[in-house]
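Open your viewer and get ready to select residues by number. We will walk through the model one stop at a time.

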Amino acid sequence: MYKMMTPGPTMVAENVRSARSIETGNPDLDLDFYDFYKETCELYSGLLDTKNESLILSGEGILGLEAAVASVTEPGDRVLVLDNGVFGKGFADFVSIYGGEPVLYTTDYKKEIEAEPLREYLERDSDFKYATIVHCDTPSGMLNNISVICPLLKEYGILTVVDSVSGMFGNEVKVDEWGIDILCGGSQKTISCPIGLTLVTISEDAKRAMENRKTKIASFYANLLTFQHYYENKWFPYTMPVSDIYGLRQALENIKEDPDILKRHAQIAAKTREALTRAGLKLYAQNGYSNTVTVFTIPGGVKTADILKAMREEHNIMLAGSFDILAGEVIRIGHMGYNCTEENMKETLTALDAVLRKLGVELKSSVEFI
Ligand SMILES: *Cc1c(COP(=O)(O)O)cnc(C)c1O
């Protein structure tokens with residue numbers, strides 16, 4: 001097996017893999033499983049400093065984004081889509097699918113969204129049911145300061161939907177303090193489980209918005225209201241993937257027992273950026289660097305595909321290119337969750353140094369994680 005140093009999926013800890021292989025019962029009929037599910041959701045909410053209810057949905061991270069939009073949007077609703085990255089802009093498609101009117105607020109993709117210009121915009125127009133924002137826009141590694149943007153949106157009475165699938169647990173998230181109405185997470189990023197689960201955390205305001213709809217939610221699988229009263233009624237809308245949830249539980253316990261997780265991500269991300277810039281490589285963004293992924297541009301004349309191929313074939317390490325407008329433009333190194341260790345980054349950057357030299361890239365000094 002190769003080492004995945006991609007910005008999700010990550011490598012998976014042995015205790016998580018083992019938990020996924022425990023013998024399973026029938027999650028619909030086994031009443032204990034309802035407790036296990038609820039306790040796992042509460043553990044997750046606790047790690048995000050919130051009293052809001054979280055739900056684990058069977059489906060990859062994208063399902064969480066779609067479920068948030070499907071559940072809140074009614075035909076004709078105006079939705080402010082904060083766009084400074086590929087995932088940021090992508091929310092507009094979901095909004096349109098469910099009949100809403102997405103209004104794009106597009107800013108420089110190399111910079112985080114700034115509060116003051118947004119405030120000026122909202123002074124002129126704040127007639128939005130909710131706004132979407134991506135915490136860490138993974139294709140560019142852009143981190144938005146949701147501790148400022150979400151409270152600002154709430155000031156104007158706008159509900160906030162935040163995609164922190166690749167942001168949370170590597171970057172701070174305080175759901176209640178920052179006024180995040182729906183937070184979307186996924187199993188395969190910093191949580192470091194295999195792919196397959198998404199998590200949504202829903203505020204009372206967001207629940208009210210769903211309950212007070214005049215029209216029905218135009219989905220079953222992406223309808224968050226189908227989980228209402230699941231615990232009291234001992235009824236899930238569909239049969240839960242027990243093994244995935246056993247794995248998730250262990251991964252969340254791992255995070256709980258790792259009080260330095262945020263500090264470690266910050267340190268390793270800073271050292272990674274230093275190592276690249278010291279060698280003369282350029283980071284893609286000008287500010288807003290996420291602690292979970294580092295994105296750099298490729299010196300002229302060298303193809304990203306050649307770097308990725310050599311990393312994989314000669315060093316057994318998988319890095320990622322990017323997609324959409326960034327396809328072929330950048331390389332992404334994931335340092336999230338279980339992967340975020342000094343040893344992994346030393347190994348990765350030493351290999352990258354060798355590959356870049358072999359491909360004839362002129363470096364100011366060696367790419368070295370110090
Ligand atoms: C990974 C990720 C998702 C889930 O989407 P996939 O691309 O299908 O893995 C959603 N949002 C963000 C910001 C992500 O990084």
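**Before you start**

This is a predicted model, in which local features need pLDDT of at least 70, side-chain atom pairs count only at pLDDT 80 or more, and totals for chains, interfaces and linings use all residues. Residues are numbered from 1 along each chain as its sequence is written, and side-chain values use heavy atoms, with hydrogens and water left out. Helices (H or I, at least four residues) and strands (E, at least two) are DSSP runs, numbered from the N terminus.

**Stop 1: a helix pair**

Two packed helices are described by the angle between their axes and the distance between the axes. Select helix α5 (residues 115–124) and helix α6 (residues 146–155): they pack at an angle of about 15 degrees, with axes 11 Å apart. That makes α5 roughly parallel to α6 (angles under 35 degrees count as roughly parallel, over 145 as roughly antiparallel, 65 to 115 as roughly perpendicular and the rest as oblique). Axes here are lines fitted to C-alpha atoms, for helices over the stretch in contact, and angles run from 0 to 180 degrees between N-to-C directions.

Now show the side chains. On α5, the contact (heavy atoms within 4.5 Å) is made by Ala115, Leu118, Arg119 and Leu122, and on α6 by Val148, Ile149, Leu152, Leu153 and Glu155. By class, this contact of α5 with α6 has seven nonpolar, no polar and two charged residues. For these classes, Ala, Val, Leu, Ile, Met, Phe, Trp, Tyr, Cys and Pro count as nonpolar, Asp, Glu, Lys and Arg as charged, and the others, Gly among them, as polar.

**Stop 2: another helix pair**

Next, pick helix α12 (residues 304–315) and helix α13 (residues 342–358). At what angle do they pack? The angle is about 120 degrees, and the axes are 10 Å apart. α12 and α13 are therefore oblique to each other. Ile307, Ala310, Met311, Glu314 and His315 of α12 make the contact, together with residues of α13 including Thr348, Ala351 and Leu352. The contact of α12 with α13 has eight nonpolar, two polar and two charged residues.

**Stop 3: the cavity**

On a 1 Å grid over the protein atoms alone, a cavity is a set of points where a 1.4 Å probe fits but cannot get out, and a pocket is an open set with protein on both sides within 12 Å along at least five of seven lines; lining residues have an atom within 4 Å of a point. Grid points are joined across faces, edges and corners, and a volume is the space filled by probe spheres set on the points.

The largest cavity has a volume of about 70 Å³. To find the largest cavity, select lining residues such as Ser140, Arg273, Tyr284 and Val293. Strand β11 (residues 293–297) gives the largest share of this lining, three residues.

**Stop 4**

The largest pocket holds about 410 Å³ of space. Of its 22 lining residues, Glu53, Leu55, Lys207, His229 and Tyr230 are the closest to its centre. Colour α2 too: α2 gives the most to this lining, with four residues. The lining of the largest pocket divides into nine nonpolar, six polar and seven charged residues.

Finally, go to the second largest pocket, with a volume of about 240 Å³. Among its 15 lining residues, Leu47, Phe169, Ile255, Ile261 and Leu262 lie nearest its centre. Helices α10 (242–256) and α11 (261–278) are the elements that give two or more residues to the lining of the second largest pocket.
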